[in-house]
Amino acid sequence: MSAPLLGVDLGGTSTKLLLGRPGPDGAEPLEQTQVPTPRGPGALDLLADRVQAFLAGRTVAAAGVTVPGLLDGDGVVTRSVNLPWLDGVAVGDVLGTALGVPVVAVHDGRAAARAEAVLGAGRGHADVYVLTLGTGIAGAQVIGGQVLAGAHLSAGEVGHVSQDDHGRLCSCGQRGCLETLVGAEHLARRWQEVLAAEGSTPQTAPTARDLVEAARAGHPGASAVLDQATTALARALLALLATVDPGLVVVGGGLGQAADVVVAPAVVKLTERATFHSVPPVVPSALGPWAGAWGAVLGAADQR
Ligand SMILES: [Zn+2]
């Protein structure tokens, strides 16, 4: 059997390392672990040391590394908000030299979406849309195992499609974006406002998870916030069906796990609103936090 592939999912605080072989049976890791992400000058050398310790002498055919930021055509990081020391660095080349194997750098969100479509919940489907609901909202259309990144590599910013010119200000500068209605930070803020209006002052800052729990417990204010959110999500999904007509929608991210109070109500509204649209199955993600590392493994597989 050929040597396995290494996936490195470089995150803001921790980095996931995964040794595996993508195959027809999907994602079965040989071994996986998590290490703190090194920071500052010399960080990639330190990361290479940690990877070597993980491999413990085992040979890999190739490796992939996800980058939380923008990459140019040569694999050089043009901008990483979370890891600014990566700016201007050809991460794949540097790690490849240190590890002695070909290493390809891939965009973290696109890599995770590709893995989810190819090895995870979308396995067996040729035309998958992966929607990730977190602090930000990202979408990726994956056709035949490849992410359609767009002419300027900026496709999939579904979180920044505005639904209301008079809505709340978004981090992107527009108003009323989907993210202001469904993004985790905005939901937390809206929940805080509900609590403040009730005269209640929680000891710690409320989170979107608290909101979900409160809605499950039957709090009408929490349910009202999520009702607005799931209506916005249904509208966004309807627009997706009209424009890209996917065969399957995979929903991931923290809020994607809240199937009962977020995803299922949104799908009900989507189905009610659909007219000419073909409503595909909407399913939860399968790879969870390891999707990025599997995406890096798929990038490595391309190198062989
Ligand atoms: Zn926006």
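**Reading the model**

Tutor: Let us begin with one glycine: leaving aside neighbours within four places in sequence, G96 is in contact with V101 and V103, where contact means heavy atoms within 4.5 Å. This is a predicted model, in which local features need pLDDT of at least 70 and side-chain atom pairs count only at pLDDT 80 or more, while totals for chains, interfaces and linings use all residues. Residues are numbered from 1 along each chain as its sequence is written, and side-chain values use heavy atoms, with hydrogens and water left out.

Student: In which helix is G96 found?

Tutor: Helices (H or I, at least four residues) and strands (E, at least two) are DSSP runs, numbered from the N terminus. G96 lies in helix α2, residues 91-99.

Student: Is G96 buried or exposed?

Tutor: Buried means under 20% relative accessible area, exposed over 50%, and partly exposed in between, with a 1.4 Å probe and protein chains only. G96 has 11% relative accessibility and therefore counts as buried. Of the 304 residues of the protein chain, 49% count as buried.

Student: Which residues are the protein donors of the zinc ion?

Tutor: Donors are N, O and S atoms within 2.8 Å of the metal (3.2 Å for Na, K and Ca); water is not among the atoms, so sites may look incomplete. Here the protein donors are H160 through ND1 and C170, C172 and C177 through SG, at 2.0 to 2.4 Å from the zinc ion. Their spacing in sequence is H-x9-C-x1-C-x4-C.

Student: What is the geometry of the zinc site?

Tutor: Four donors count as tetrahedral if all angles lie between 85 and 135 degrees. The ideal angle for four tetrahedral donors is 109.5 degrees. The angles among the four donor atoms of the zinc ion are 100 to 127 degrees, and the site is tetrahedral.

Student: How many disulfides does a search of the whole structure find?

Tutor: A disulfide is a pair of cysteine sulfur atoms within 2.5 Å. The search finds zero disulfides.

Student: How many helices and strands does the protein chain have?

Tutor: The protein chain has nine helices and twelve strands.

Note on methods: Four donors count as tetrahedral if all angles lie between 85 and 135 degrees; four count as square planar and six as octahedral if opposite donors are over 155 degrees apart and all others between 65 and 115; anything else is irregular.
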